[in-house]
Amino acid sequence: MPLEAVEARRLYRQVADQLRSLIERGEYAVGSRLPTERELAEQLKISRPTVREALIALEVEGRVRIRVGSGIYVTEPGDAAPAPSTVMEGPFELLRAREFLESVIAEQAARVATKDDVARIDAALIAMANVEHPGEASMVHDRAFHVAIAGCLGNAVLVRVVGELFDQRLNPYFAQLAHYFENPGTWCAALSEHRAVRDAIAAGLPKAARAAMREHLAHSQERFAQSFGAEASAGAPPARKGAARSAGVPAKPKRPSSVQAKSGSARRR
């Protein structure tokens, strides 16, 4: 398969660009199946979450269709929408940023939270427990919970930043990924993790609050990183224009890719 290892800068966009170019050149015909996430990650020498972000970007553009349990299939070129901005952050990038920032905020909140602060956190939790998910209302209450924790610090800038980071869930990449993996079961798990954060803050336990928030957002990444379920059925090579290659044996590129790694390798993300 003519793919080249890529450098880390805007990595998932580079992967999406390579795959889009192969589709446009006819390397993968309409209706054919792309390699699995695992195969792409191995060939490109990058992490599977990065491959997933690239595939979601292509699906948002209308270039591919992800069928859970079956694979990733090329769609009609006429269905493709203009590519979203190349500066748009990927879902996993956003979650990693939130994990770093909000865990520190939760730690400090446990030191300074007042009874009124805890009451606001509790109000958001009660609302979360009594709303259907997935849905717009559940996101409103989830956001209120995280913003309430930031509000404990009395810093309007941190409140705004936490709110704006959460609002990135509304970008098309994040929304499409959530479409596959958010359900009542994941909501219950997230709600339990939220309660652990709340309890540590209410008890005035900074280290426990930091660990609970980090665990919550790390688990969010894990939930979004679950397999699409096509790995077991992907023994045969995807259909391509021209002769097919043997399964598991990457073909040599026909020409050098415009996206290449420095020093012949890519940094895993």
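## Confidence

This is a predicted model, and its pLDDT averages 81 over the protein, with 76% of the residues scoring at least 70. Helix α5 (residues 115-129) is where confidence is highest, at a mean of 97, while helix α8 (residues 172-181) has the lowest, at 84.

Then there's the stretch to treat separately: over residues 232-269 the pLDDT is below 50. Even so, beyond near neighbours in sequence, residues 232-269 have 68 contacts in the model.

## How α1 sits against α3

Two packed helices are described by the angle between their axes and the distance between the axes. For helix α1 (residues 11-24) and helix α3 (residues 48-61), that's an angle of about 55° and axes 8 Å apart. An angle of 65 to 115 degrees would count as roughly perpendicular and one under 35 as roughly parallel, so α1 and α3 come out as oblique to each other. The crossing of α1 past α3 is right-handed.

As for who touches whom, α1 brings Leu 11, Tyr 12, Arg 13, Val 15, Ala 16, Leu 19 and Arg 20. On the α3 side they meet Thr 50, Glu 53, Ala 54, Leu 55, Ala 57, Leu 58 and Glu 61. Sort the residues of this contact by type and you get nine nonpolar, four charged and one polar.

## A look at Ser 138

Ser 138 belongs to helix α6 (residues 136-151). Its relative accessible area is 0%, and buried means under 20%, so Ser 138 counts as buried.

What does Ser 138 touch, leaving aside neighbours within four places in sequence? The contacts are Val 131, Glu 132, His 133 and Trp 187.

Definitions and conventions:
Residues numbered from 1 in each chain as written. Predicted model: local features only at pLDDT ≥ 70, side-chain atom pairs only at ≥ 80, totals over all residues. Heavy atoms only, no water. Axes fitted to C-alpha atoms, helices over the stretch in contact; angles between N-to-C directions. Helix = DSSP H or I, 4+ residues; strand = E, 2+ residues; numbered from the N terminus. Parallel < 35°, antiparallel > 145°, perpendicular 65-115°, else oblique. Left-handed = near helix turned anticlockwise from the far one by under 90°. Contact = heavy atoms within 4.5 Å. Nonpolar A, V, L, I, M, F, W, Y, C, P; charged D, E, K, R; others polar. Buried < 20%, exposed > 50% of the residue type's maximum accessible area, 1.4 Å probe, protein only. pLDDT = per-residue confidence, 0-100.
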